[in-house]
Amino acid sequence: MGFREFLRDEMEYQGFTARSLAEKSGVSKRTIDNYLKKNPQEPSVTNAHKIAQTLHVSIEYLLTGQEYNGFIPITGQTLQLIEYFDALTDEQRTPLLGVMKVLAEQNEK
C-alpha cells in the first residue's frame with residue numbers, strides 16, 4: 001500500500017470526496033484525482049502537508065500507514081468526540097468520563 005491507498009482510505013473514513021478535500025485543502029481537484037488514479041503521481045511535500053492537515057493526520061501516515069515516533073493522529077470519530085467533549089462544562093464531563101472508564105475497563109477483560 002502507498003499514498004494512494006492510505007489517502008483513499010482516510011478520505012472514505014472521514015467522508016471526503018475529491019472535491020470537498022480540494023476545497024478544504026487548497027489542492028486542486030485535478031491534482032487529488034491524479035493522486036487517486038491507478039498509476040498515481042506522488043504528492044509534493046507542500047501538497048502532502050496541506051492534505052494531511054485537512055485530514056488531521058500526519059504526512060507519514062499518508063505515505064506509510066504508520067505514525068512517526070508513536071504519534072497517533074486524532075481523526076474521524078475521535079476528533080468529533082473531542083470537539084463535543086470540549087464543548088461540555090466540567091459538570092457535564094465528569095459523568096461522561098466515568099461511563100467511558102467503565103466501558104474501557106470492560107474492553108480490557
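Of the 109 residues of the protein, 28% count as buried, meaning under 20% relative accessible area with a 1.4 Å probe and protein chains only. This is a predicted model: local features need pLDDT of at least 70, side-chain atom pairs count only at pLDDT 80 or more, and totals for chains, interfaces and linings use all residues. Residues are numbered from 1 along each chain as its sequence is written, and side-chain values use heavy atoms, with hydrogens and water left out.

The protein has seven helices and zero strands. Helices (H or I, at least four residues) and strands (E, at least two) are DSSP runs, numbered from the N terminus. The order from the N terminus is α-α-α-α-α-α-α.

Here are some overall values.

| Property | Value |
|---|---|
| Radius of gyration of the protein (over C-alpha atoms) | 17 Å |
| Box of the C-alpha atoms along the principal axes | roughly 50 × 30 × 20 Å |
| Accessible surface of the protein | about 7,800 Å² |

A compact globule of 109 residues would have a radius of gyration near 13 Å. That rule is 2.2 Å times the number of residues to the power 0.38. Carbon and sulfur atoms hold 52% of the accessible surface, which comes from the Shrake-Rupley method with a 1.4 Å probe.

Now to contacts (heavy atoms within 4.5 Å). Among those with a separation of 6 or more, 44% join residues 24 or more positions apart.

Leu-97 is found in helix 7, residues 90–108. Leu-97 is partly exposed, with a relative accessible area of 47%; that class lies between buried and exposed, which is over 50%.
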